[in-house]
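Subject: Structure for your review

Dear colleague,

Please find below the structure that I promised to pass on. My notes on what was found in it follow directly after.

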Amino acid sequence: MPKSLGRILMLVENNFPQDTRVKNEATLLNEAGYTVSVICLRKKNQAPYEVLNGIHVHRLPRIELFQKTPSDKLSFIGKLFLLAKSFLGYCIEYSYFTTACFLVSLKIFFTRGFDAIHAHNPPDTLFLVALPYKLIGKKFVFDHHDLCPELYQSRYGSRGGFYTTLLRIFEWCNLKLANVTIATNESYKEIQIARGGRKAETIFLVRNGPNLERMQVPPSSPRLRAMNKMIFCYIGSLNPQDGVDYLLRALGHLVHDLKRTDFYCVIMGMGDSLEDLRKLSRELKLEAYVELPGFVSDQVLMENLSAADICMDPDPSSPLNDVSTWIKIMEYMAFSKPIVSFDLKETRFSAQQAALFVPANDEMAFAKGIVKLMDDEKLRSKMGRFGRERVESDLQWAVTGRNLLTAYQTLLK
């Protein structure tokens with residue numbers, strides 16, 4: 001058996017291998033010759049421990065004390081109560097996960113051992129797991145998935161205050177403690193330099209991108225193609241900050257104001273807002289045009305995406321979304337699908353000519369953008385070809401993941 005290039009312990013408060021980015025990173029490092037262990041959350045019917053394609057996976061039970069979804073319908077007192085309840089819930093849940101990660105890390109340390117801890121945020125409390133190991137010479141990698149202060153502001157409509165300040169302190173601790181950091185785009189890299197005082201040479205840009213499996217386009221869903229309508233698709237999270245409510249209101253304009261009913265939209269994903277979105281769909285009288293199935297298997301997701309004529313990115317302008325990159329954009333492009341999107345900085349960088357950009361947060365403009373693509377087959381085809389070519393040349397995981405290997409070659413040399 002060849003000698004391992006190094007032993008890596010990954011921490012992620014999500015399911016594995018369902019978390020696409022973490023799966024891609026762990027698989028790449030494992031195939032390159034590193035020994036990889038992952039501590040993550042456990043889904044129903046998943047084993048507490050298994051070796052998955054050479055990766056040691058340790059799973060923890062998930063706890064969620066309170067529903068923390070914001071609502072515009074709450075009174076001022078109701079919103080204050082929600083914030084307090086959410087704060088308590090997050091504190092307990094993050095404390096539990098961080099403590100459990102440390103306890104499991106001790107077991108791994110005394111059995112297989114590790115040379116580096118690689119923390120995927122959120123939460124930003126995982127530096128506490130790495131801190132004692134840093135004191136005995138282990139390395140720490142901070143993989144910056146989300147800007148937690150901006151995530152809080154975008155989710156709850158906050159302009160700042162105590163919670164934002166606390167989250168920035170935690171972020172700063174990660175950025176200061178890390179030997180190297182991972183950024184998903186140039187905006188995150190700039191923020192790491194500005195807010196954490198990072199040196200540019202210690203930051204490695206690892207963009208989201210579809211792996212080889214996600215680059216293979218399967219046959220289209222027979223069910224959707226048999227409808228003889230324009231098929232729209234959304235894939236991704238269904239949380240308050242993700243803007244799927246904007247998409248539903250845009251589709252409401254499409255039906256009721258622009259009088260277009262020759263479409264069917266499949267919105268695939270899970271999140272805190274799923275039931276609220278189903279309710280909104282009914283209120284907008286979209287039951288005949290929209291389905292929100294929740295979780296679907298990868299096979300169904302890819303068959304539905306293959307059937308799509310147009311894909312949707314309704315992420316609204318917000319402190320988080322303005323500077324974030326979404327893997328769904330590259331997955332749409334990998335399937336040669338034209339995209340309608342609000343005009344956000346990092347989305348424009350990723351999609352370029354593969355997307356039709358409309359003014360941020362303008363739902364009627366989004367609806368009109370959909371109509372433009374519905375009525376122009378040549379434009380859809382041109383945008384789809386451009387997207388596929390861009391992913392193949394620049395944005396697929398085989399290309400974007402190279403910097404992760406460079407980061408570890410630098411870290412463990």
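Contact, as used throughout these notes, means heavy atoms within 4.5 Å, while helices (H or I, at least four residues) and strands (E, at least two) are DSSP runs, numbered from the N terminus. This is a predicted model, in which local features need pLDDT of at least 70 and side-chain atom pairs count only at pLDDT 80 or more, whereas totals for chains, interfaces and linings use all residues. Residues are numbered from 1 along each chain as its sequence is written, and side-chain values use heavy atoms, with hydrogens and water left out.

Of the 413 residues, 54% count as buried, where buried means under 20% relative accessible area, exposed over 50%, and partly exposed in between (1.4 Å probe, protein chains only). Among contacts with a separation of 6 or more, 71% are made by residues 24 or more positions apart.

Turning to helix 9 (residues 274-283), its buried residues are Leu274, Leu277, Leu280 and Ser281. Seen down the axis of helix 9, these fall within an arc of 120 degrees, so they line one face of the helix, the arc being that of the directions from the helix axis to the C-beta atoms. Their cover includes helix 8 and strand 11 (290-294), and just after helix 9 Lys285 takes a positive phi of about 60 degrees.

The interior comes next. A nonpolar core is here a set of buried Ala, Val, Leu, Ile, Met, Phe, Trp, Tyr and Cys residues joined through side-chain atoms within 4.5 Å. The largest such core has 74 residues, of which Phe232, Leu251, Phe263, Ile267, Val290, Phe366 and Ile370 touch the most other members, and its largest share, 8 residues, comes from helix 8 (residues 244-256). Leaving aside residues up to four places away in sequence, Val290 touches Leu248, Leu251, Tyr264, Cys265, Ile267 and Ser281. Apart from this core lies another, of 25 residues, among them Phe16, Val141, Tyr408 and Leu411.

In helix 6 (residues 186-196), the buried residues are Ser187, Tyr188, Ile191, Gln192 and Gly196. Seen down the axis of helix 6, they fall within an arc of 140 degrees, so they too line one face of their helix. What covers them includes strand 6 (139-144), helix 5 (162-177) and helix 12 (345-351). Just after helix 6, Gly197 takes a positive phi of about 65 degrees.

Asn53, although not a glycine, has a positive phi of about 50 degrees, and Asn53 is exposed, with a relative accessible area of 69%. Lys259, also not a glycine, has a positive phi of about 60 degrees and lies in the loop between helix 8 and strand 10 (263-268).

With kind regards
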